[in-house]
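Reader: Can you take me through this one? I would like the overall picture and then some local details.

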Amino acid sequence: MSTQYDLIVRNGVVVDGTGAAPFAADVAIKDGVIAAVGEVDGDATREIDAGGKLVTPGFVDIHTHYDALAMWDTHMTPSSLHGVTTVVMGNCGVGFAPCRPEDRDKLIELMEGVEDIPGAVMHEGLEWTWESFPEFLDALEAKPRDVDVCALVPHSALRVNVMGDRAVAFEPATPDDIAKMRAITAEAVRAGAFGVSTSRTTSHKTLAGEYVPTLRVYEDELLGLAEGLNDAGSGMIEAVSDWITDESPDTINAEPNPVEAFGILRRVAEKSGRPMVYTLAQRNTQKQMFEQLLEMNKQAYADGVNIRPVFPPRAIGILLGLQASQTPFSGCPTFKTLNDLPLDEKVAKLRDPAIRAQILSEDPVKESTFPLIHRLSYSYMFQFGGKDYIPQENESAEAIAGREGRSAPEVAYDMLLEKDGRGFIYMPITNYTGYSLSASERLLGEEIAIMGLGDGGAHVGFILDAGFPTWLLTHWGKATGKYDAPELIRRLTTDTADAAGLYDRGRIKVGMKGDLNVIDWETLDFEAPYVVQDLPANGKRLMQGASGYEYTVVSGEVTFEAGKPTGALPGKLVRGQRVKPEAVAAAAE
């Protein structure tokens with residue numbers, strides 16, 4: 001006699017993803033879909049007792065960069081360690097398709113600089129069985145994973161594919177170029193792409209200092225991509241911007257013009273009718289601009305334009321350290337001579353007074369290949385204990401230097417040597433204002449704002465924010481109590497799923513996809529960051545685990561139990577956005 005269900009989670013406290021009050025219920029899954037919610041009779045191949053635990057939908061992360069990792073690995077960590085069951089990758093306009101063979105190195109160099117994935121890792125790990133975006137999707141589909149993956153078409157790859165060297169020379173696209181990009185975008189979306197992504201920020205460049213090909217594209221090119229989505233009848237636009245409008249590459253230091261720059265995005269979304277999301281964060285040097293952008297966005301949304309900001313729940317922070325890919329002194333010539341030494345030998349050299357004096361006398365900026373080098377500031381550098389993401393302003397390297405009569409670089413240098421070189425310096429670069437997360441708290445209170453920007457799969461050696469879901473729940477829920485669990489779970493499920501057009505998940509409801517988390521609210525927490533060496537070419541990356549996720553379920557199969565992978569790999573490529581349930585009902589009438 002066959003069992004009635006594949007999985008039953010019994011006796012849990014269901015937080016269904018809609019923001020509604022929790023309720024006691026069983027949840028049964030059959031053939032990857034939620035088949036019953038309530039008091040479930042019958043049996044299952046596996047049953048889980050969730051007594052006293054929260055049962056939530058699996059989390060949906062719409063801003064990741066697993067484009068490379070998804071090609072060689074089956075586990076999309078750190079994200080899957082933090083309850084994430086679906087990711088959208090290909091953000092910020094960078095990725096690997098479409099791509100002609102002669103352009104592969106260009107895209108690797110761009111990904112290496114923008115997303116801090118070592119070139120050697122990608123050269124060894126990518127097999128390049130594709131040229132077109134549909135072929136890239138086929139390659140993604142061929143590999144099982146622990147999460148579902150969705151892919152955006154990256155504008156930089158698309159531009160290089162159509163324009164060749166003219167793309168990286170910042171030449172304006174011709175009408176013929178735009179028509180070709182529009183057609184390729186439509187082809188990709190028909191094959192299953194979720195939309196297109198673009199970047200207009202100077203923070204994105206190769207290690208050689210070359211800016212992304214999309215930095216100064218004109219409005220007509222962006223509109224052409226959006227019309228490609230319309231041609232296919234589906235797809236979203238994702239954008240990141242410095243809010244500078246001058247299209248000339250020699251005006252990199254131009255002042256932001258948020259009114260006109262946001263106007264470009266609004267007009268593209270309005271004219272095309274396509275939904276758009278963009279990065280919104282409060283930079284340390286531009287503390288009020290995010291408020292201006294938010295108010296313009298709220299007005300646009302009230303006017304019926306579907307454009308929404310994506311924001312981090314805490315500061316986006318750089319981890320600087322001898323085990324990370326960057327330190328404040330990585331650009332110093334003497335420091336570079338130590339790069340290939342084992343950690344213990346490097347620490348011994350750095351403790352040598354003569355080497356210390358020499359490094360501190362050198363210019364750390366002139367020869368730096370770090371895209372964010374000009375955003376480093378000793379007034380925002382803090383010794384990192386592993387969990388202190390809201391450091392006190394008076395504990396910065398600059399503040400300590402002032403109290404102790406030393407220079408800030410000396411303090412930072414000594415911080416690097418703490419724990420025998422195994423510690424980190426934490427430097428928040430957005431959404432931090434002197435022991436405050438006012439920007440994140442402000443945006444959490446806005447209905448149109450979407451929690452995200454964890455960047456899983458990217459910045460593997462200096463940023464580790466893929467644990468944002470756990471931070472959101474532990475800080476804003478458990479520690480401060482400013483938001484209740486149903487609202488925070490909504491932020492991680494229906495809000496993100498619906499924004500991406502994933503209307504088949506994010507809710508615990510009959511007919512929805514069988515993705516769940518069983519969470520012990522009392523023990524929910526995140527671990528301190530650490531380094532693993534598990535990439536191709538023996539590459540290293542930062543990693544962060546969590547506790548309290550008793551079970552994570554994808555399509556009815558348990559993928560993680562007590563934070564450990566079970567070996568199940570039910571994750572698949574998701575081809576194309578899902579139709580809203582009300583649209584399906586209307587079509588059936």
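This is a predicted model: local features need pLDDT of at least 70, side-chain atom pairs count only at pLDDT 80 or more; totals for chains, interfaces and linings use all residues.

Reader: How many helices and strands does the protein have?

Author: The protein has 20 helices and 25 strands. Helices (H or I, at least four residues) and strands (E, at least two) are DSSP runs, numbered from the N terminus. The radius of gyration is 24 Å, close to the 25 Å that the globule rule gives for 589 residues, so the protein is as compact as a globular protein of that length. That radius is taken over C-alpha atoms, and the globule rule is 2.2 Å times the number of residues to the power 0.38.

Reader: What does the C-alpha trace span along its principal axes?

Author: About 75 × 55 × 45 Å.

Reader: And what share of the residues is buried?

Author: Buried residues make up 60% of the 589. Buried means under 20% relative accessible area, exposed over 50%, and partly exposed in between (1.4 Å probe, protein chains only).

Reader: Which residues have the most contacts inside the largest nonpolar core?

Author: Phe96, Met122, Trp130, Phe133, Leu140 and Ile318, in a core of 167 residues. Apart from that core lies another, of 17 residues, with Val9, Val14, Ala25 and Ile508 among them. A nonpolar core is a set of buried Ala, Val, Leu, Ile, Met, Phe, Trp, Tyr and Cys residues joined through side-chain atoms within 4.5 Å.

Reader: Pick Leu140. What is Leu140 in contact with, leaving aside neighbours within four places in sequence?

Author: Ala70, Met71, Met89, Arg145, Ala151 and Leu573. Contact means heavy atoms within 4.5 Å.

Reader: Met89 and Ala151 turn up together there. Which is the bridge partner of Met89 in S8?

Author: Ala151 is that partner. Strand S7 (residues 84-89) and strand S8 (residues 148-151) run parallel, joined by 4 bridges. S7 is also joined to strand S6 (residues 59-61) by 3 bridges, again parallel, and Val60 has Thr86 in S7 as its bridge partner. Two strands pair if DSSP finds at least two bridges between them.

Reader: Is S7 mostly covered or open?

Author: Mostly covered: 6 of its 6 residues are buried.

Reader: What about Asn431, whose phi is positive?

Author: Most residues other than glycine have a negative phi, and most peptide bonds are trans. Asn431 has phi near 55° and is in the loop between strand S16 (424-428) and helix H16 (438-444). At 0% relative accessibility, Asn431 counts as buried. Leu453 has a positive phi of about 70°, and at 5% relative accessibility Leu453 also counts as buried.

Reader: Last one: how do S20 and S21 run?

Author: Antiparallel, with 4 bridges between S20 (residues 530-535) and S21 (residues 539-543). Tyr530 stands opposite Met543. The hairpin has 3 residues between the strands, and Ala537 takes a positive phi near 60°.

Terms used: Residues are numbered from 1 along each chain as its sequence is written. Side-chain values use heavy atoms; hydrogens and water are left out.
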